[in-house]
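Open the model in your viewer and keep the selection tool at hand. The tour moves from stop to stop, with a selection at each.

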Amino acid sequence: SYAKMATVSLGFNIDSPRWDQGTFVGRLKHFFNITDPRTVLVPEEELDRAKALVESCRAGLVPPGSNQEQLIYAKKLYDSAFHPDSGEKMNFIGRMSFQVPGGMAITGCMLQFYRTVPAVVFWQWVNQSFNAFVNYTNRNAASPISLRQIGVAYVTATGAALATAVGLNLYTKRAPPLLARWVPFAAVAAANCVNIPMMRQQEIINGITVTDENNNELGRSRRAAVKGIAQVVLSRITMAAPGMIILPIIMERLEKFTFMQRIRVLHGPLQVLLCGGFLLFMVPAACALFPQRCSLAVADLEVELRDSIMAKHGDKVLYVYFNKGL
């Protein structure tokens with residue numbers, strides 16, 4: 001048994017990131033790993049086994065016969081499917097590993113069916129429903145949110161998206177065709193600015209738990225919540241931007257060719273596939289823009305929390321840390 005356990009190096013820490021999370025490239029590699037769309041196809045039983053393996057490894061009990069590659073793969077599955085705060089299995093649609101297949105289908109259809117108001121309304125509604133799942137799933141789980149608050153967030157974000165999309169759609173009727181193709185992105189950006197803060201309003205109202213670098217709790221901060229949520233909004237807009245800005249330019253050029261005019265029925269599937277190509281890179285790149293374990297200087301905290309930390313720890317604690325969500 002000892003010989004088998006020796007395949008896992010001494011001092012192996014399953015929670016220690018494989019890549020430096022202080023650099024963009026390190027975070028990019030990390031998120032390429034955990035947003036891998038192939039993990040969506042992994043059966044539930046295998047995900048549960050991965051969680052059990054990770055938890056036993058955390059407890060210092062590496063199962064006999066386990067090697068380091070198995071543990072690293074188990075951690076990949078765990079990170080892709082279980083919430084980093086609560087350890088609970090996330091709903092299928094809300095996982096970041098589902099962002100590529102889910103996002104490419106919805107974004108492709110938004111870009112294809114942008115000409116008529118009913119189509120705009122339907123696809124923006126589908127997109128906001130998807131976003132609501134994702135935002136709720138990837139919130140800071142230490143801050144509970146009621147069903148009423150979820151409903152209000154969903155309705156306001158959907159309303160913002162539809163108002164932006166329909167308003168701009170009517171406004172761009174006489175504008176160059178390319179401008180009309182960019183309306184879906186404007187609607188998505190506007191909705192993200194509403195949907196995410198509304199879905200995570202409890203964090204702004206009550207603050208989120210902040211810790212020192214050794215994960216010792218120091219209190220709750222609203223300013224930390226605002227910083228984390230602002231970074232998530234920026235990440236989500238960045239995630240959508242290349243596909244929704246560059247792809248319309250590509251399609252505008254392609255549709256002038258005779259062969260493209262002959263195969264109009266394939267324009268939708270083509271946009272969906274091209275969106276998938278963009279998202280395959282942009283989902284991890286956008287998640288990697290900022291560290292998931294976000295930091296804030298003690299000097300920038302609320303006065304009462306700052307004074308409390310200074311009274312207990314003096315100058316030993318200069319920064320607080322928290323999970324910003326995704």
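Start with residues 151-171, 229-250 and 270-290: an unreviewed UniProt entry gives these the feature "transmembrane region". UniProt positions follow the numbering used here, feature names are shortened, and annotations may be inferred rather than shown by experiment. This is a predicted model, in which local features need pLDDT of at least 70, side-chain atom pairs count only at pLDDT 80 or more, and totals for chains, interfaces and linings use all residues. Residues are numbered from 1 along each chain as its sequence is written, and side-chain values use heavy atoms, with hydrogens and water left out.

Select 151-171. The span is 100% helix and 0% strand, and its end C-alpha atoms lie 30 Å apart. Helices (H or I, at least four residues) and strands (E, at least two) are DSSP runs, numbered from the N terminus. Now select 270-290. Here the chain is 86% helix and 0% strand, with 32 Å between the end C-alpha atoms.

**Salt bridges**

How many salt bridges does the structure hold? There are 13. The criterion is a side-chain nitrogen of Lys or Arg within 4 Å of a carboxyl oxygen of Asp or Glu.

Select Asp 15 and Lys 75. Their side chains meet in a salt bridge, 3.8 Å from N to O. Asp 15 lies in the loop between α1 (2-5) and α2 (24-34), and Lys 75 in helix α4 (residues 68-81), so the pair ties together parts 60 residues apart in sequence. Asp 15 is partly exposed at 36% relative accessibility. Lys 75 is buried at 14%. Buried means under 20% relative accessible area, exposed over 50%, and partly exposed in between (1.4 Å probe, protein chains only).

Next, Asp 36 and Lys 76. The closest N and O atoms of this salt bridge are 3.0 Å apart. Asp 36 sits in the loop between α2 and α3 (44-58), Lys 76 in helix α4, so the pair links parts 40 residues apart in sequence. Asp 36 is buried, at 8%. Lys 76 is buried too, at 13%.

Move to Lys 89 and Glu 44. Their salt bridge has its closest N and O atoms 2.8 Å apart. Lys 89 is in the loop between α4 and α5 and Glu 44 in helix α3, so this pair ties together parts 45 residues apart in sequence. Lys 89 is partly exposed at 31% relative accessibility, and Glu 44 is partly exposed at 35%.

Then show Asp 15, Arg 58, Lys 75 and Asp 79 together. Salt bridges that share partners join them into one network.

**Aromatic rings**

The structure holds eight aromatic pairs. Rings of Phe, Tyr and Trp (its six-membered ring) pair if their centres lie within 6.5 Å; planes under 30 degrees apart count as stacked, over 60 as edge-to-face and the rest as tilted.

Select Tyr 78 and Phe 82. This pair is stacked: 5.2 Å centre to centre, 15 degrees between the planes. Tyr 78 is buried at 6% relative accessibility, and Phe 82 is buried at 3%.

Select Phe 113 and Trp 123. Their ring centres are 6.4 Å apart and their planes at 15 degrees, so the pair is stacked. Phe 113 lies in the loop between α5 (99-112) and α6 (117-137), Trp 123 in helix α6, so the pair ties together parts 10 residues apart in sequence. Phe 113 is partly exposed, at 40%.

Last stop: Arg 293 and Tyr 321. The charged end of Arg 293 sits over the ring of Tyr 321, 4.5 Å from its centre. The cut-offs are NZ of Lys or CZ of Arg within 6 Å of the ring centre and within 35 degrees of the ring normal.
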